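Hi,

Here is the structure I promised to pass on. Have a look at it first, and then read my notes below.

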Amino acid sequence: MNQNEIPNIDELLNGFLDGELDARHQTEVQRLIKNDEKIAQRLLELQKCKRLVSSLPYTRAPQELLSNIKASLEGKKLTTPPVPPMQRHREREGARHLLLRRLTAAAAMIALAGVLAAVIYWVIAPVPAVEKPVAVDLRLQPIAPQPKDSQPAALSGVVETKSEVVATAEKPAEPALAETKFTGRLELKTTSPAEVAAFINKAIEYNIPSGERYAAAPGKLGESHTLVCSRQNLRVLLDELSTVWDKIDSAVLLVNTDQPQGQIVIDAVTPEQISEIAKQDDFQTQIKTAKFFAAMNNMTTLSPGKEVQVAIDNSTPALITIPKPVLTSSEKPVTTAGAAKEEQQVLLTIVVTR
Amino acid sequence: MTKAANISIDDAVLVQQCRQGDSVAAETLIRKYQNRIYNAIFRICANPDDAAELTQDTFVKVIENIDKFEGRSSFYTWAFRIGVNLTLNYCQRNVKLGLKSLDAEDNDDDNEDKGVLKKFLTDVNLPDPAVVAQNRELCRLAVKALMKLDDTQRAVVVLRDIEGMNYAQIAEVLDIELGTVRSRLSRARANLREIMERMF
């Protein structure tokens, strides 16, 4: 017992009386009693109280208590013959089994809750945005599956490769996307569609070999031209079209992506931008470039004074001119893979509407 | 050596046998502790009939719950714990119902009582316990004073001074801290002394 546990002298004296003090406190109490008459008197009084209570006569239980207890126990069927140890063991096994079942049930509930939570998360979790720039609407549009018959009537036609696909003016073969590096649809709106359509027809006639263009009735409003041509021919055609671009009120390019549910929509597209997208060797790079132009044109369109247009125009990849190396010797230029790439085919459908 | 120390070491064996449904072992345990538990309960509730009934309930509960006895304490303190709890609950119930023993409500100004207690407390010499025990009148007054204590204080005094338990056993029976036993016993004895003084 330490000093903190004895807050007053009475507790100390009672502990002394009851023999519950350690040696140090006992000595202390003895010293107090010896030196202080009041404390000695107090101890004596406490001792008398204790003696008085402890000297009370011992009262024995009534004789009939045992029989009453037995009767009560028998009444509750607790004094039945001893339970066989095997039965007791089985009861304990049963209790353990029950506990195990409860634990298993709890574990199953937790697992079920986990699966449910995963399903809910899968349903409500937002799909991560794919390279979506701030304040830019890429306007991915679903491609409605087009029946073969729904190709633009007389003017349409598609040739994949000359050796594999036979094109007819009436019912063109469907181009295979996987083999064409770029597939898109250019929708032009103009107030003078006849003039523009005639110009486009002529430009196609002059610049695209007849085997690569498919138009049954050129010049008609709302009809489309589908071209599966080389990138080089497309670039030449687009250069030609840029001369009439000032008469185009709206030029929208829809670039097909590898995602089956979407297209990239580029508003206010320019021939240079189309050419830049088409010339990208890698399909993913084409998509990236298309997205970039979509974002840029969108931002330019949305800016009130179009002040940034000039700045953006100056930084577009299309206009970044990388100086070509100049041959300084008489060495003839070696034909590289670039020439072959120029021959890679692209698919573009041009539609003119009012 | 206190009464509490005189506990047979065979309790554990008897408990084990009792758990296995041995009614003889159960009877042995009852016989062994019935008087002590009855006496303590009687000193707390001060009514022999109630004490008998409470003791009976105590042993029925002990035998019913013998499987729950984990052996962390001794069977003796465990059984006392059940008995004292039942008794204190009974006392609380009676206080609420106003059924406290009429003996405890006797008039304190009884001249005869004053004389006996005065003689006892003013005697400088310590009285011989045997002499005190023989003085029936003094015992009656002591019981009367004891019954004026609070139930929990009376329980701690009974367990210490009548049953002879040490502080640790009292703490176990009443499920309180050792320090609480010390302070509660100190207050109980101080109150008892004041009650006796008022009875002069």
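Chain A averages a pLDDT of 72, with 63% of the residues scoring at least 70; pLDDT is the predictor's confidence in each residue, from 0 to 100. This is a predicted model, so local features need pLDDT of at least 70 and side-chain atom pairs count only at pLDDT 80 or more, while totals for chains, interfaces and linings use all residues. Residues are numbered from 1 along each chain as its sequence is written, and chains are lettered from A and ligands numbered from 1 in the order in which they are written.

Two stretches of chain A call for some care. Over residues 1–6 of chain A pLDDT stays under 50, and the model has 9 contacts beyond four places in sequence for them. Residues 333–337 of chain A also stay under 50, with 1 contact beyond four places in sequence. A contact here is a pair of residues whose C-beta atoms, placed from the backbone, lie within 7 Å.

As for the fold, chain A has 11 helices and 6 strands; these are DSSP runs, with helices being H or I of at least four residues and strands E of at least two, numbered from the N terminus. Of the contacts in chain A with a separation of 6 or more, 66% come from residues 24 or more positions apart. Buried residues make up 30% of its 354 residues (buried: 20 or more other C-beta atoms within 10 Å of the residue's own, with C-beta atoms placed from the backbone).

Strands E4 (residues 250–256) and E5 of chain A pair in the antiparallel sense over 4 bridges, where pairing requires at least two DSSP bridges. Asn256(A) stands opposite Gln263(A) in E5(A). From E5(A) (residues 263–266), Gln263(A) and Val265(A) point one way and Ile264(A) and Ile266(A) the other, and all are buried.

Now to the interface: 37 residues of chain A and 44 residues of chain B take part in the contact. On the chain A side, the elements giving two or more residues are H1 (9–18), H3 (37–54) and H4 (65–75). H3(A) gives the most, with 10 residues.

Leu56(A) lies in the loop between H3 and H4 of chain A. Why does Leu56(A) count as buried? Because 21 other C-beta atoms lie within 10 Å. Beyond its neighbours within four places in sequence, Leu56(A) is in contact with Arg43(B), Cys139(B), Ala142(B), Val143(B) and Ile162(B).

Best wishes

Methods: A residue is buried if 20 or more other C-beta atoms lie within 10 Å of its own, exposed if 12 or fewer, and partly exposed in between; C-beta atoms are placed from the backbone.
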